[in-house]
Amino acid sequence: MNEIRLYVSTTEKNANRILDLMSFAFGEEDFAIATTELDEKADIWEASIYMMADQEDEVRPRVEDLLAEEFADATIVREVIPDIDWIAKSLEGLKPVRAGRFLVHGSHDRDKVQTHDVAIEIDAGQAFGTGHHGTTAGCLEVIEKVVRSRKVRNALDLGTGSGVLAIAVRKLLPVPVLATDIDPIAVRVAKENARRNQIVEGIDFRTAPGFHSTAFREHGPFDLVIANILARPLIKMAPQLVAHLAPGGSVILSGILAEQRWKVIAAYSGQGLSHVKTIWRNGWVTIHFTQGKG
């Protein structure tokens, strides 16, 4: 069944307001809600809500109603997202990747797992994050170091994708993990990947845009926050992310190009975090912060 996106093109200010309205109306339901910048100079943004095709008849009137008062002139556009697994096609045949003690591999490479490996089986699928990208591998390296050196009682994997980072934390520690993503397909795939790795409890997978969900209050504050997204949203969400960090907690950020690292470091240093280390992989960086001295 195809996924449907309903969206409105508008300004950044209006897109954020529409995001708030939709988050209030749909926040407890399994719908992804997001804003996307299309043209920075022209201030063109889109505010979107995603659903499966059989949910559209119920969702569209609700979106029309919540926009009617403040955005009566807004045009709701419909996009059908094809049910084609392009990522699986592009990642076929990838070899296992080692990051510290972690070995991320597909089902066809189970024989490559050695005795002391922390093995995570992730086949190429519909969600990003198989361990082959420099950002995911960098996060895995830092996760292992943080878990060895600091007390971690709970963790947040923000933008979980395939679920590989949440699975990694849970494989190292028997602590509760909240794993969120704006894409319901990613959440479904991540749940399947957790089961594939014999993790049947301990990870709460939720569809949530940014921090617009009660799940963060239910599970937080967090001793460890991992966010492998992109530099711009990471910078924007710095105050909210740090607000959900427990005293003395650690933050691992990635999805950051090397030339963007100083802006990200400045944003989180400005929120009172200390920069511990930056790991470089294939032009991307993973940055580790702590609250207090590193």
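Trainee: Where's Gly159 found?
Mentor: Gly159 is in the loop between β8 (155-158) and α5 (164-172). Helices (H or I, at least four residues) and strands (E, at least two) are DSSP runs, numbered from the N terminus. This is a predicted model, where local features need pLDDT of at least 70 and side-chain atom pairs count only at pLDDT 80 or more, while totals for chains, interfaces and linings use all residues. Residues are numbered from 1 along each chain as its sequence is written, and side-chain values use heavy atoms, with hydrogens and water left out.

Trainee: Is Gly159 buried, exposed or partly exposed?
Mentor: Gly159 is partly exposed, since its relative accessible area is 26%. Buried means under 20%, exposed over 50%, partly exposed in between, using a 1.4 Å probe and protein chains only.

Trainee: And what is Gly159 in contact with?
Mentor: Leaving out neighbours within four places in sequence, Gly159 contacts Thr180, Asp181 and Asn228. Contact means heavy atoms within 4.5 Å.

Trainee: Which residues does UniProt place under "binding site"?
Mentor: Thr136, Gly159, Asp181 and Asn228, from an unreviewed UniProt entry. UniProt positions are given in the numbering used here, feature names are shortened, and annotations may be inferred rather than shown by experiment.

Trainee: Is Asn228 buried or exposed?
Mentor: Asn228 is buried because its relative accessible area is 18%. Asn228 lies in strand β11, and the residues it touches, not counting those up to four places away in sequence, include Thr136, Cys139 and Ser254.

Trainee: Which side chain has a polar contact with the side chain of Asn228?
Mentor: That of Thr135, at 3.2 Å. A polar contact is a pair of N or O atoms within 3.5 Å; within protein, one must be able to donate a hydrogen and the other to accept it, and residues adjacent in sequence count only if both atoms are side-chain atoms.

Trainee: Which residue has a positive phi of about 55 degrees?
Mentor: Asp43, which is not a glycine. Asp43 sits in the loop between β2 (32-39) and β3. Gln198 also has a positive phi, near 60 degrees, and is in the loop between α6 (184-196) and β10 (203-207).
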